[in-house]
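Hi everyone, thanks for making time today. Let me put a model up on the screen, and then I'll walk you through two parts of it.

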Amino acid sequence: MISVTEALDRLFALSSPLPAEDIPLIRASGRVLAQAITARRDQPPFAASAMDGYAVRAADLSPGAAFQVIGEAAAGSGFTGQVTPGQAVRIFTGAPVPQGADRVVIQEDVTREATRITVTGDYGEGTNIRPAGGDFRIGDRIEAPRLISPSDVALMAAMNIPQVPVTRRPRVAVIATGDELVQPGETPGPDQIVASNSYGLQALFTAAGAEVRLLPIARDRIDSLETIFALTQDGPAPADLIVTIGGASVGDHDLVARAAQGIGMEQSFYKVAMRPGKPLMAGRLGDAVMIGLPGNPVSAMVCGHLFVVPVLRHMLGLGAAPAPRLRGVLAADVAANGPREHYMRARITPEGILADARQDSALLSVLSGSGALLVRPPHAPAAQAGDTVDYLPL
């Protein structure tokens with residue numbers, strides 16, 4: 001039995017960042033930038049007015065100064081002439097500042113009669129001009145790796161980047177196992193339950209950036225497991241990561257390891273010193289990483305957060321790092337922990353982190369009402385209300 005840290009280290013050793021692919025900018029949000037990109041133009045590409053007003057020479061500006069309006073500049077339609085002393089050009093926000101002008105007086109600070117304006121207001125010290133290249137210049141970079149946000153997409157568009165190099169999404173095959181399982185919408189027999197873990201994990205892995213396939217439920221037979229395992233490598237897009245749920249323990253019906261080893265799985269570890277989630281297994285099956293999760297719903301989701309999501313981030317090129325922990329204050333006392341790392345369900349309340357001591361309560365309480373996992377290291381002493389502790393947001 002190994003520690004959580006060692007299990008993660010071995011999982012990172014089994015996995016590696018995936019190759020890059022180019023995709024259209026319109027599909028880039030939420031993907032991981034694989035290579036740095038550089039701006040192909042200056043932004044703004046010219047000195048542009050930041051306000052509606054009149055472009056003039058700053059040297060001519062003074063309270064009460066009068067100017068002759070000689071033309072107009074609008075966004076997309078600049079003034080092509082030259083501004084000379086005593087002249088002004090009517091200008092609108094985003095328009096190029098005409099040659100000769102180096103100041104924009106806002107329209108509220110002038111009066112106009114026909115083609116003549118007079119400065120009447122306190123026009124301040126700012127130029128009201130956005131300088132050329134003020135946002136970025138040709139060659140400025142967006143560094144990688146980076147999870148691309150909607151704001152990044154807007155920036156890339158302004159940089160005139162039509163195609164974006166991103167890390168290929170990890171292809172994940174999820175296999176639920178067990179004779180007791182039926183799919184949602186089916187009618188369970190008297191000794192069966194509805195498969196839920198695979199759907200929750202599919203949502204979790206998709207949110208982490210993976211491309212997920214839910215394979216048919218594997219029954220508690222070696223031949224059934226081998227048939228489903230074969231599906232993970234079918235077609236032109238074989239799985240990079242195989243995640244099994246259930247059957248990872250040592251009971252008579254826990255056949256996942258035996259079936260996987262029978263078709264070539266090289267096991268890296270089995271059992272982690274944690275609760276919930278002790279019967280965790282990992283190895284390689286062909287070119288794919290394989291992670292065997294426990295079948296208990298809480299254990300499966302906890303291990304999904306702790307182990308599978310960090311592996312997916314590693315495959316996406318975001319680094320080999322554990323799930324990020326936050327710090328919070330306890331709202332109630334917590335008992336001392338035993339020799340295993342313990343992940344306790346917790347709720348975030350206005351008073352602080354409230355641990356739920358009923359570790360085996362209903363699934364609804366576990367998965368929809370928890371909010372966080374309180375992290376208790378091995379042999380942690382009792383903690384009191386007001387103490388600062390680590391937790392994982394869910």
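I'll start with a sheet and then move on to the nonpolar cores.

One thing to keep in mind as we go: this is a predicted model.

So, the sheet. It is an open one built from six strands, and if you read across it the order is β8-β5-β7-β6-β10-β9, with mixed pairing. At the edges sit β8, residues 103–106, and β9, residues 110–113, and each of them pairs on one side only. On average, neighbouring strands in this sheet are turned by 40° against each other, ignoring direction.

Let's zoom in on one pair. Strand β5, residues 53–56, runs antiparallel to strand β7, residues 87–91, and three bridges link the two.

In soluble globular proteins, nonpolar side chains tend to be buried together. Here the largest nonpolar core has 43 residues, and F205 and F307 have the most contacts inside it. Which elements give two or more residues to this core? They are α1 (4–14), β15 (171–176), α3 (197–207), β19 (241–245), β23 (288–293), α6 (297–315) and β27 (372–376). The top contributor is α6, with 12 residues.

Have a look around F205 too: leaving out residues up to four places away in sequence, F205 touches V172, V174, A210, V212, V243, G304, V308 and L312. Apart from that core there is another one, of 18 residues, including I175, L225, A239 and L285.

Terms used
Residues are numbered from 1 along each chain as its sequence is written. This is a predicted model: local features need pLDDT of at least 70, side-chain atom pairs count only at pLDDT 80 or more; totals for chains, interfaces and linings use all residues. Side-chain values use heavy atoms; hydrogens and water are left out. Two strands pair if DSSP finds at least two bridges between them. Helices (H or I, at least four residues) and strands (E, at least two) are DSSP runs, numbered from the N terminus. Axes are lines fitted to C-alpha atoms, for helices over the stretch in contact, and angles run from 0 to 180 degrees between N-to-C directions. A nonpolar core is a set of buried Ala, Val, Leu, Ile, Met, Phe, Trp, Tyr and Cys residues joined through side-chain atoms within 4.5 Å. Buried means under 20% relative accessible area, exposed over 50%, partly exposed in between (1.4 Å probe, protein chains only). Contact means heavy atoms within 4.5 Å.
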